[in-house]
Structure formats: C-alpha cells, structure tokens
Amino acid sequence: MQRENHDEMLGGKRAEIIHGAALRQARNWRFLSQRELADKSAVSTTTIRTFEAKGECSVTRLTVEALAEALRVSTTFLLKPPSGAPPASAIHMRSRRRVQKAYLEHLRSRAGVFSRVVHAVGDHFDFPLEDFPVLHADTRSAIELAAAECRRRWGIHHDAPIAGMVRELESAGAVVGRFDDDDASVDAMSWVDGRPFIFYRRVRGAVCRMRFSLAHECGHIIIHRGKQTGDPETEQQADWFASAFLLPSTAFWREFPRPSPRLDWSALIAMKKRWGVSVQALVRRAFDLGIIGPSNYRWANIRISQLGWRTCEPGEPSLDEVPEMLPRTLTELALDGTWSSVQLVDLFDSDVASLGGVELPSTAVAANVVKLDQFKHP
C-alpha cells in the first residue's frame, strides 16, 4: 500500500513539516534515485518529487518515519533545514577520470552533512585557527615557492620528511574526514566553508597515495582559493604543489639515488619509507627536476607496470593516518557532559562514522552518554 493511502486513512491529518532540501540531501547521500527511495519507503515517486521541488510540505508522522527509515536517518534530520552543501564549482577533487553527475551530487551531500556535524561541534569547541596561506600560483617556480612558504609557515623543516599529513592539516585548522567507497574515481576532495575541509578515500595498503592526495588538496586550497578547478592544468598544478610540499627540492637532489645506468629500486624503496611518498611519485619528481632524463623516466614507468606497482607497491608504511581532531573533540564533549545522549544521537543519526571516518571511542561512555554501537545504523 502506498504511504499516501495511509495518510488518507488518518483522516488527512498533517502533523509534520518535511524539508524537501533535507530529503534530497539524504537521498543523494545514500546514492538513491527517487524511484529507488519510493521502492524502499512505499512513498510514491511523484510524492517524493513534489516534496523535493516544493521545499516545505505538510505530511503525517507516518510518512516522515517511512522516509527516514528508508534513508537511515532520524526523523529530525528530515524536519530541519539542511546544512548547505558546497556548490560544485567550489569543490576541488583529485580524480582519475571524469566524475559522473550523480556521484558528484552524492559527494556534495556528504560534504553538507559532514559540515552540519562540524559546525555543531564548533558551537562548543574552539578548533585551531585556520592558517592556510593564500598564495595564488600557476607556474612551476611559483608553486615551488608556495610549497616552501607553506612549510615555513607551519614550522616544518625545509628539507625534512613530513611525519603525518593528516596531523599537519588539522593543526593548520582544516577538518579532515575519510570515506570508504567502492567508486575509485575520486581519491580526495576539498572545499572551504569558513575553514578548509578535506575528505580522502581510504585505500588499504596505499598510505603513500593517500598522503599525496591530501597534499594535492592542500595545494588546491592554497594556490587555487576561489578558483574553479578540475581541468588538466589546475590538476597538474596541484600535483606539482604536492610533490614540492612532500619532497623539497634541496633534500631531494641530495638523496635521490642516481641511475647507473638504471634506477636502483632497493634504494628508491628505502627513500619511499623515509619520505612516505610512492616510488611512482619519486620517479616523477626526479624527472620534473631534471635529475633523470626522458629515456630513464620512460623505462622506469614501463618497469613499474611490469612489476605490478601501479596498484600495489612494496614498502608501504605499516601505520595508517587517521583523522584525530574531530573524534578527540567529540570524546571530550561527551565526557565532560556538554552533550547528552540525545544530542549525540541527533548528530550521529547521520551515520557520521562512515561519512567522515569519525568514531566516538568506547572510553567516552559516561552516565549521560550512550555507546556508539547503540546509535549506529546497520
């Protein structure tokens, strides 16, 4: 039976105001079409389309509950205006192929929901001040200087490896989240909403690629602030920034093992372990700096493909990098009684653990706090 028939059985009583934009945000976040949501909720496609088009609609509690259950959010989520998702033009991405429109809307909705949680936390906690310099640059030399200036500003030694990319970004005031997706078209995304937000895709066994993706998005925020990206030119510029930020030229010239006549793979893997940057990125940096020529670079890439290192390199760091700032903050707010269990449930109704790699540790269980597994959705 369609849900509208249930409404008629209730005598047309209207008890709630549903926000169409919140419904659309939740639907896009769950990657459902209007028809798929209709099948899951027993609310017709026409009604769902009407809700999303009108903005605010009077509905029965029964309809709201059906939609919320199908979308795995609380009813409160659908009854509040949604947090604004960043416009597509404001999102930077590290993508290996053209992003489909439906997937872009899914990512935008994710960003909006995550922003909602972060802004709620910010009402009770002072995040580090944002300290991302704005250094517009579009030439190789200017980008090298921008990367060096960013290191200087953040107190990173000019020729030392970066121990933790996530920690450096969070210390500079960025909010970092992680997502687990089967869709491999996007490795990372970033946007600015009062402060920088950076999402990265978790790929097991590819920590070095993740670090480069984070540095790539850092580059977008620093050299492309306010500029639309996604074209080959701006993506290459962000790659240049990431290489220069992770591998400063002076130290790289000193440490890169010279070919004699071929590259020493064992030495490259040792350098990878020290700097936390993939062999592929090391070889590319050497080519860009003129340390190796076109023939050695071409041979190296052929050999990397033959060895199967395009997708799985040896020498990956044993420890993953994870977001720390938001989980720690949530724990503190829970333990000191700032938030009740009801407030925590309202935040985590967004399934934020899968949304941004954020989980509330079990140590944050107090008299007024429920355990995380009690309000995670299946």
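## Helix faces and a helix crossing

Me: What makes a residue of helix H3 (residues 34-41) count as buried, and which ones do?
Reply: Buried means under 20% relative accessible area, exposed over 50% and partly exposed in between, with a 1.4 Å probe and protein chains only. In H3 the buried ones are Gln34, Leu37, Ala38 and Ser41. Seen down the axis, they fall within an arc of 105 degrees, so they line one face of H3; the arc is that of the directions from the helix axis to the C-beta atoms. The face turned away from the buried side carries Arg35, Asp39 and Lys40, which are exposed.

Me: What kind of model is this?
Reply: This is a predicted model, where local features need pLDDT of at least 70, side-chain atom pairs count only at pLDDT 80 or more, and totals for chains, interfaces and linings use all residues. Residues are numbered from 1 along each chain as its sequence is written, and side-chain values use heavy atoms, leaving out hydrogens and water.

Me: Why are H10 and H11 called roughly perpendicular?
Reply: Helix H10 (residues 207-223) and helix H11 (residues 232-246) pack at an angle of about 115 degrees, with axes 8 Å apart. Angles of 65 to 115 degrees count as roughly perpendicular, under 35 as roughly parallel, over 145 as roughly antiparallel and the rest as oblique, so H10 and H11 are roughly perpendicular to each other.

Me: Which residues make that contact?
Reply: Contact means heavy atoms within 4.5 Å. Among those making it are Phe212 and Ile222 of H10 and Phe241 and Leu246 of H11.

Notes: Axes fitted to C-alpha atoms, helices over the stretch in contact; angles between N-to-C directions. Helix = DSSP H or I, 4+ residues; strand = E, 2+ residues; numbered from the N terminus.
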